[in-house]
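This report describes the architecture, contacts and confidence of the model displayed below. It is meant to be read alongside the sequence and coordinates.

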Amino acid sequence: MSRDLNRRDFLTTAGLALGALGVGSTAALGQTPKAGGTLVSAQTTEATGLDPQLVAAFSRSRRSPMMYNQLVRFEPDMTPVPELAESWHTSPDGLTWTFKLREGVKFHDGQELTSADVKFTFDRLFEKSPGKSDFIAVDKVEPAGKYAVKFITKEPFAGLLAALGGFWGFIISEAGIKKHGDLNKAALGTGPFVLEDWKVEQQMVLKKNPHYFKKGRPHVDQIVLRTIPDEANIVAALRTGQIQHAFIEDNKNYNLLKDEKSLTGYRSSRLGYDFLNINATRGPLKDVRVRQAISWTVDRAQVLRVAASGFGRLTAPATAPMKQWQLPEEQWMRYYKPDVEKAKKLMADAGQAQGFSVKLGVIPTFPTMVSGAPVVAAQLKRIGITAEIENVEYAVWIKRWQAKDFDLTMNTTPGYADPDTAFFRALHSTKGQNWNSWSVPDLDAMLEEGRRTLDPKKRKEIYDRVQLMILENVPQLWLFSADTIDFTQTAVKGFRQHPTTLLYGFEGAWLDKA
Amino acid sequence: MSAPAPPGLLADAAADGGLGARRAATSRTRWGRALRRATRNTLVGLGLLGALLVVGLALFANALAPHAPDEQNFDLIESRPSAAAVFGTDRFGRDVLSRVIHGARISLYVAITSIAASMAVGGALGLTAGYLGGTIDNAINRVLDVFFSIPGLLLAVGIAALRGPGVNSAVLAIAIVYTPIFARVMRGPVLAERAKDYVEAVRALGATRLAVALKHILPNVISPFVVQGTVALSQAILIEASLSYLGLSAQPPTPSWGNMLNEGRTYLETAPWISVFPGLAIMLTVLAFNLIGDGLRDVLDPSS
Amino acid sequence: MGRYLLVRLYSMAVTLLGLTVLTFLMLRLIPGTVVEQMIGADAIVSEAMVAQLKAFFGLDQPWYVQYGRWMGSLLQGDLGTSWRTGKPVVQLIAERLPVTLELTAFAVAVAIMLGVVAGVVSSVRRDRAVDNITRVGALLGLSVPVFWQGTMLILFLSIYLRWMPPVVWVDFFADPLRNLTIMLLPALCLGTASAANIARTTRACMLDVLGSEYIRTAAAKGLRPRLVVLKHALRNAMIPIVTVVGLQIGILLGGTVVVEEVFTLPGVGRLVLWSIYQRDYPLTQSTILFVAVMFMTVNLAVDLLYAYLDPRIRY
């Protein structure tokens with residue numbers, strides 16, 4: 001108990017919201033989990049398909065840990081821990097990573113997990129998955145006996161663990177593919193739950209995996225993932241006790257629910273963040289001074305206040321959960337103090353004193369974009385930039401995104417565990433996706449160096465410099481990182497949030513009433 | 001033979017239209033009595049007053065609204081109605097009153113343009129089909145049937161997806177939904193009228209087909225058509241709101257009533273004024289148009 | 001009658017053919033395909049990847065080949081397979097159709113019960129307080145957006161009564177009582193506007209009939225007023241009322257999308273909505289076609305019923 005209080009005090013005084021509020025204490029109290037029961041959980045977004053290699057949508061990634069495991073998993077504090085791999089080591093030249101697999105792990109069909117499955121997983125991933133972008137430095141995956149695999153990389157690849165523990169690292173079984181063709185409607189993994197039934201836009205029923213390799217887990221017999229597109233109904237369902245858990249999308253609803261006695265609220269920092277892309281090939285936006293002016297005029301605190309009801313934080317390029325990579329706050333915060341005069345001067349220096357017009361893209365189904373955009377637009381107006389808000393349906397937005405067809409666009413990402421995955425793909429001018437179509441050769445060089453450097457201390461130095469360079473050259477604006485908010489009925493114990501919002505938290509959850 | 005029934009869409013107007021065409025003319029109401037009743041009827045007066053008010057708001061929005069509709073005030077976020085903001089403010093500190101006033105513009109724009117377009121196109125098609133008959137009638141009907149056979153909202157979804165969501169997509173969707181309805185409301189009476197003796201007589205006197213259709217037939221069938229139009233106006237405002245709810249019409253930050261209602265829906269508990277006022281605006285406007293429609297029906301359409 | 005039916009069926013077939021072309025082309029004209037969504041926002045896009053996915057979905061073929069394939073399978077009675085869920089379209093429709101039909105049926109029931117009763121009472125008590133309240137109520141019922149009504153209902157019930165309709169869907173046959181509690185509010189919301197319409201029609205028709213000679217004669221002969229109203233007047237006012245009810249069925253069927261969305265009911269409307277956003281062409285086009293057939297059948301049935309009820313109408 002005292003530990004919990006201390007922690008809370010610390011959180012309040014430091015103004016942080018790390019770790020879950022309200023929970024965490026249950027473990028300290030030493031309650032024994034009870035087995036059984038059905039847990040109904042609700043969220044607004046349905047998965048578009050379930051194949052962990054074919055479906056890029058984040059709604060899929062969130063559900064994957066229910067049915068699958070990765071070789072490596074990231075703890076809520078974002079340190080990698082063994083999952084299907086028991087241990088790993090790298091060769092002296094840094095080009096070969098060997099992972100020793102846990103023995104006796106069974107897939108849902110009863111077959112044992114072996115190195116052949118791991119090889120199959122990555123062969124299929126490299127062949128047909130958009131997720132291969134995560135593993136671009138990996139040359140091939142080879143079995144090293146029945147219970148070990150080697151990852152051979154083209155160059156030393158510091159981001160490998162993050163990729164393995166990321167959204168595309170879920171291990172599938174060859175038999176599953178043979179049986180089902182693809183895994184969009186079926187699931188065959190090693191995870192804590194077995195897919196029983198899925199009615200799209202309705203609900204997904206998952207049964208406890210009795211042979212789960214983590215002894216005693218999961219505790220509940222069944223989980224029902226309900227899709228309720230209207231969050232007002234989710235709030236009502238929580239209040240009336242119809243659902244046991246909900247992931248809250250719109251942070252202002254935290255205020256509605258936080259005082260409900262029958263509910264436990266969880267709020268913690270998210271790995272992901274909301275940002276503003278600036279297309280550096282579009283007219284005045286090419287000029288770094290214009291981009292800097294945009295950065296100086298946008299009041300991120302105000303955006304956070306409106307878009308996430310203040311439940312979140314401003315963030316450096318490395319977000320709060322990426323603790324070891326964070327810059328000291330005073331180093332980045334000074335870039336975030338709005339200074340309209342300075343911005344106007346930069347605009348004038350760039351020959352844009354009279355301002356210009358651009359379009360600002362928004363996906364209407366993303367609440368933080370919808371509410372953030374008018375604030376950004378109003379602030380840009382102060383330096384003469386007219387940002388016309390353009391609402392673009394997701395399917396169209398993504399088409400334009402892939403074609404880099406936008407001026408400014410609101411954006412959001414679930415985030416990345418490692419600075420290599422976080423920055424290389426987003427910002428490298430030629431070898432990644434180059435979100436903002438910009439080019440800073442010095443930064444390219446540093447990103448490449450960061451990828452090759454395995455020594456944590458040296459890497460840290462590199463990425464500190466990378467982040468400062470980003471703040472200086474403004475490829476995009478890190479607007480804020482909204483807190484992850486979940487609510488459960490108080491009877492639900494042992495649920496844990498994850499900074500990625502992936503649903504790892506159900507395997508330890510249990511119902512006190514059962 | 002009665003005119004084929006317009007299959008229902010999302011429009012309630014369809015029901016009245018079909019009914020008007022189908023009902024046996026058993027009513028014994030006379031013009032004079034209807035007129036007296038209509039003028040006596042304070043409800044119609046109220047309806048006219050309400051409609052005038054809304055039109056006034058729309059026309060003079062810039063002069064009437066205390067603030068610009070998208071002016072944000074971060075010192076006054078989600079504040080309850082007060083002297084500073086009579087209808088309160090929303091999450092951006094925008095003045096709800098000003099947005100409701102400007103919203104009249106958008107809601108009326110959507111309603112009037114969509115219904116006017118569908119009345120013009122539908123009316124012309126209905127008149128042509130009904131008057132010319134034969135192959136042309138058949139062809140027009142088959143094409144209209146295609147649009148008629150998809151539920152209106154689904155059609156709207158498709159159009160919004162095609163053009164990208166926005167006010168004009170809503171206009172187009174509503175117009176397409178109503179065009180076949182108006183075509184049918186027009187066609188039935190035209191068929192009946194064409195069969196009358198005087199048409200033959202006028203033709204024999206050398207009048208062109210076009211002249212007969214426009215000068216003789218149209219004036220005799222226009223009344224129920226206009227009544228339908230008034231009712232459809234009120235429906236169009238509701239449909240725009242529903243489309244906003246589904247994310248298919250005006251997009252934030254455009255202050256359409258439907259949009260405000262939908263945005264404010266999530267604030268019902270903490271800041272109900274954000275959506276209550278636009279909701280009231282919708283209700284009163286729709287009510288006003290319905291009242292006028294009722295009154296007009298009494299005056300213009302003696303058959304019902 | 002038989003000939004009329006044949007003509008109607010023939011024109012239905014023509015309409016359907018036109019509809020397939022319209023739906024098909026419209027879907028292809030909507031910007032964005034399933035391919036971009038499959039690739040997602042985080043992948044480094046390569047030509048090969050795009051080509052591979054396009055080929056997989058048959059999107060590399062010219063449109064007439066795609067259309068031909070769809071028509072070919074339709075003619076064999078195959079509605080196709082949903083790209084996103086991998087399930088046969090016919091199965092997805094079968095899962096959801098009962099929900100939409102049940103919702104429509106209940107809404108119609110609500111509309112008839114409320115509408116006819118209110119209309120009759122209103123006409124009998126013409127210009128009295130009851131009449132005025134009913135008329136204004138009917139007008140108000142026509143003036144409130146359905147989604148707004150639904151949201152308010154859920155909010156107030158959940159806050160003040162700590163109750164809301166169960167969120168986990170249950171089939172009528174699995175648990176009738178629970179199913180009915182789920183359906184109650186949506187049916188009420190959906191039915192309101194139609195009830196208002198029916199009430200207005202009923203009132204007008206009843207007033208017509210009540211003013212006619214034979215009713216006055218019946219009353220003069222000393223028949224009990226209730227009997228006069230129910231047995232004689234209502235029966236004669238029935239034809240237009242049935243017509244309006246029939247038309248409302250079509251309207252309600254089309255209006256279920258919003259209510260399904262507000263109350264999270266797993267109906268056909270939401271399925272179509274979802275499939276359009278997902279660019280799941282086979283699912284969208286075949287479902288729309290199916291809905292259209294249903295829609296047209298309802299309309300045809302209403303017309304036939306009308307002819308049956310009113311002997312003056314001959315097709």
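## Confidence in chain B

The pLDDT is the predictor's confidence in each residue, on a scale from 0 to 100. It applies here because the structure is a predicted model. In chain B, the lowest confidence falls in helix H1 (residues 13-22) of chain B, with a mean of 36. The highest falls in helix H5 (residues 96-132) of chain B, at 94.

For chain B the mean pLDDT is 82, and 85% of its residues reach 70 or more. Residues 1-29 of chain B have a pLDDT below 50.

## Fold of chain B

Chain B contains twelve helices and zero strands. Read from the N terminus, the order of its elements is α-α-α-α-α-α-α-α-α-α-α-α.

Of the 304 residues in chain B, 59% count as buried. When contacts in chain B between residues at least 6 apart in sequence are considered, 71% of them join residues at least 24 apart.

## Domains of chain A

Two domains are assigned in chain A: domain 1 (3-22 + 45-180) and domain 2 (273-482). The centres of domain 1 of chain A and domain 2 of chain A, taken over C-alpha atoms, are separated by 28 Å.

The contact between them draws 19 residues from domain 1 of chain A and 17 residues from domain 2 of chain A. On the side of domain 1 of chain A that touches domain 2 of chain A, ten residues are nonpolar, six are polar and three are charged.

## An antiparallel sheet in chain A

Strands of a sheet pair through backbone hydrogen bonds, either parallel or antiparallel. In chain A, four strands form an open sheet with antiparallel pairing, in the order S4-S5-S7-S6. Its edges are strand S4 (85-90) and strand S6 (138-143) of chain A, each of which pairs on one side only. Neighbouring strands of this sheet are turned against each other by 20 degrees on average, direction ignored. Helix H4 (residues 115-128) of chain A packs on the sheet and touches S5, S6 and S7 of chain A. The direction of this helix makes about 155 degrees with that of S6(A).

Strand S5 (residues 96-101) of chain A pairs with strand S7 (residues 148-153) of chain A in the antiparallel sense over five bridges. A:Trp97 stands opposite A:Phe151 in S7(A). S7(A) also pairs with S6(A) in the antiparallel sense, over five bridges, and A:Lys140 stands opposite A:Ile152 in S7(A). S6(A) and S7(A) form a hairpin with four residues between them. In the turn, A:Gly145 has a positive phi of about 90 degrees.

## Interface between chains A and C

At this interface, 40 residues of chain C are in contact with 39 residues of chain A. On the chain C side, the elements that give two or more residues are helix H2 (34-39), helix H3 (47-57), helix H7 (146-161), helix H10 (225-263) and helix H11 (268-278) of chain C.

Which element gives the largest share of the side of chain C that touches chain A? That share comes from H11(C), with five residues. By residue class, the side of chain C that touches chain A divides into 21 nonpolar, ten polar and nine charged residues.

Methods: Residues are numbered from 1 along each chain as its sequence is written. Chains are lettered from A and ligands numbered from 1 in the order in which they are written. This is a predicted model: local features need pLDDT of at least 70, side-chain atom pairs count only at pLDDT 80 or more; totals for chains, interfaces and linings use all residues. A residue is buried if 20 or more other C-beta atoms lie within 10 Å of its own, exposed if 12 or fewer, and partly exposed in between; C-beta atoms are placed from the backbone. Two residues are in contact if their C-beta atoms, placed from the backbone, lie within 7 Å. Domain bounds come from an automatic or database domain assignment. Ala, Val, Leu, Ile, Met, Phe, Trp, Tyr, Cys and Pro count as nonpolar, Asp, Glu, Lys and Arg as charged, and the others, Gly among them, as polar. Two strands pair if DSSP finds at least two bridges between them. Axes are lines fitted to C-alpha atoms, for helices over the stretch in contact, and angles run from 0 to 180 degrees between N-to-C directions.
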